[in-house]
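Hello,

Here is the structure for you to look at. Please open it first, then read the notes below.

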Amino acid sequence: MNLERVIFGFFIILSLTFNFVFVVGDIDNPTHHSVWILTIAILVNLIATGLKLGDRSQVGALLLAASLVADLLLITARVVWVVYQNDTPLGPSAESIVTIVSLAGGALLANIVSVIILIGDTLMSRR
Amino acid sequence: MAATSELDRVSMLVLRYMRRPIFVLIIVYAIGITGMALIPGMAADGSPEYMSLFHAFYFFTYTATTTGFGEIPNEFTDQQRLWAILCLYIGVIAWLYAIGSIIHLIQNMHFVQALSEYRFSRVVKKITEPFFIICGFGDTGSLLARGLSDHRFTAVVIDRDPERIKALSLRDYNVNMPGLCGDPSEPKHLVDAGLQHPLCKAVIALTSDEDVNLKIAVVSRFINPKVHVICRTTSSKHKEQLAPLDNVTIINPFEIFAQLLSMAITTPRLHNLNSWLVRAKGIRLGQPLNVPSDNWILCGYGRMGQWLHKYMKLNSINPLIIDPDLEGSTGIDRFIKGYADHGTLSDAKLDTVAGIVAGTDNDSDNLNILMSTQVLNPNAFTIVRQNHHANQLAFDAASVDLILQSSLTTGRRILKYLISPHIQILIDYLREQGEHQTEKISDRLIASIGDQIPHLWSVTLDTKHAKEAIDLLNTGHELVIGDLIRHPSKRCELLSCVPLVIHRAKTPIMLPEENMQVYEDDSILFCGTEQSEQLLASTLNNAYTLHYLLTGKDVSRGFIFRWLEQLARNKKSSAA
């Protein structure tokens with residue numbers, strides 16, 4: 001067992017799970033989606049991106065690309081939240097939350113790609 | 001002479017052929033349109049009206065091409081109808097004439113030839129990988145093309161026989177093999193086939209006419225001195241003419257054949273290794289033939305027989321020669337003059353000999369000799385010369401100890417030379433070293449590859465093929481060959497491959513030990529499985545795998561982990 005691989009895998013899988021936690025629920029129901037979860041997901045994603053920086057292998061490049069895509073989409077979702085948070089006293093309206101959750105859903109896809117690459121690389125090296 | 005491109009020739013032919021029909025069409029159109037515009041028509045209200053030039057052209061176009069939309073814009077007057085009849089006839093005739101000319105042109109043999117040459121040279125120009133030019137697509141040529149295709153090399157084929165070029169296009173090669181029907185000794189055809197192409201690696205002259213082969217070799221040397229020329233010739237006169245030229249290799253099928261035979265007799269293990277490397281059928285490494293070393297009969301004393309005799313003499317074997325015409329032959333002391341039939345073979349005491357070579361240039365004679373041998377001395381070692389590839393099944397069924405097919409041996413030798421030139425150097429080296437060394441290398445190959453199909457490939461350690469390995473060498477690390485061939489998944493195991501030759505600064509290093517260091521620009525010849533080639537190629541381009549193979553430890557990936565590792569190391573060193 002390699003401590004480095006544990007930490008690396010932990011953050012990549014954690015960013016996927018937080019992303020999922022935010023997306024899950026009705027797409028147009030603002031009460032199903034917490035802004036706190038979204039913010040934590042962005043934070044974990046950024047840490048995962050940082051860990052991927054500086055890897056010279058082909059797989060490393062692909063992992064970094066997937067991570068950057070997820071960052072971009074999650075940060076866009078957070079910006080949209082800031083813009084529409086005054087729609088109603090409780091936060092964004094149903095129409096706005098659809099946009100936010102769709103963006104986070106795209107990030108989820110990128111995170112899934114990341115995890116698949118991670119698993120594939122680990123299985124390929126077989127050691 | 002300025003080189004005219006094939007496109008110029010094709011377009012010129014079309015223009016010359018179509019000049020008259022096009023003139024006829026223009027004149028007919030002009031007459032019809034002018035007439036239609038000059039003849040007065042009648043408007044719907046009865047007032048006279050002239051057709052505009054554009055309408056006249058429109059009317060004539062649909063009339064001349066027999067489309068016939070009718071009388072537009074107004075109903076025609078009788079004068080107009082009269083002219084319309086004329087228009088119809090002359091227009092249709094002019095078009096028929098033009099179309100007939102085109103069809104005639106398409107059926108013209110010279111045009112078809114020019115068009116196919118144009119297409120061919122266009123395909124050749126588009127080749128983006130190194131390729132070879134094969135002149136002559138007979139038995140040897142097609143075997144060579146098949147072998148090159150198996151190794152994913154492109155070849156351009158020129159043959160005089162259109163049937164063979166047609167056959168070429170029906171083969172299922174792994175790569176594109178364009179073929180041109182034409183005289184390969186004509187410089188224009190060689191240039192069309194890509195002789196001046198920067199990626200053209202070699203010209204191989206394999207036609208049945210040796211004078212043509214000589215001409216191809218000389219022409220290629222003049223047009224592109226950088227291209228390697230391989231010329232098949234059996235005449236010593238040609239050999240003398242070509243020998244002084246550098247970059248020219250002369251292949252004598254009879255000599256190669258005799259070399260192989262002598263290899264089988266004197267160094268059976270090397271023969272076994274060689275046959276295994278060229279993937280000969282039914283060969284298992286480590287099971288050499290048990291060839292008797294004396295008491296032979298040699299049937300056939302033509303050009304091939306003379307070479308065989310020469311090589312047998314070099315190995316101090318004095319065979320009994322049987323041949324119908326032995327006039328003017330010197331240096332033979334044991335011979336029987338006559339056809340090698342049952343009677344002659346009985347006279348030659350076939351029942352007491354150890355081995356027999358059926359080496360005539362006639363396959364049915366050779367099969368007859370085999371039949372007699374089976375009756376008279378079933379235990380004799382039989383070596384047979386197969387002349388035609390088509391007779392393969394008959395020879396396979398005859399249960400011979402060794403079949404040597406001239407086209408096959410020649411094709412394999414050339415292929416070996418093109419794919420991995422170092423392997424022949426290794427074979428020559430092993431012949432000098434003796435059977436002991438061959439046995440050692442065979443045992444290593446058996447242990448490493450076993451029953452899998454052997455695959456030969458070369459890796460050059462340069463920035464294009466092994467970027468990370470070069471980076472490692474440039475930062476002062478040492479790289480030994482034994483580490484490179486470790487398995488990227490499990491360091492303690494080795495890939496199924498054996499390094500055979502390291503080519504460094506034009507000097508080959510034979511059979512390197514595992515602790516042999518490698519440097520930039522070394523070219524290493526491996527024998528192994530295709531899978532191990534892929535694994536090795538990816539290892540050489542992956543810094544992390546290389547580090548693991550060298551040290552057994554995984555290096556940290558990414559800036560943060562590297563920084564953390566550095567931090568931990570500093571702490572450890574300060575504590576100590």
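N379(B) counts as exposed because it has 9 C-beta neighbours inside 10 Å. The cut-offs are 20 or more other C-beta atoms within 10 Å for buried, 12 or fewer for exposed, and partly exposed in between, with C-beta atoms placed from the backbone. The C-alpha atom of N379(B) is 8.8 Å from that of D351(B), and the two residues are 28 apart along the chain.

The model is predicted: local features need pLDDT of at least 70, side-chain atom pairs count only at pLDDT 80 or more, and totals for chains, interfaces and linings use all residues. Residues are numbered from 1 along each chain as its sequence is written, while chains are lettered from A and ligands numbered from 1 in the order in which they are written.

Next, the domains. Chain B is divided into domain 1 (6–107), domain 2 (127–251), domain 3 (256–419) and domain 4 (452–551), with bounds that come from an automatic or database domain assignment. In chain B, the C-alpha centres of domain 3 and domain 4 are 41 Å apart. Their contact takes 4 residues from domain 3 of chain B and 4 residues from domain 4 of chain B; two residues are in contact if their C-beta atoms, placed from the backbone, lie within 7 Å.

Regards
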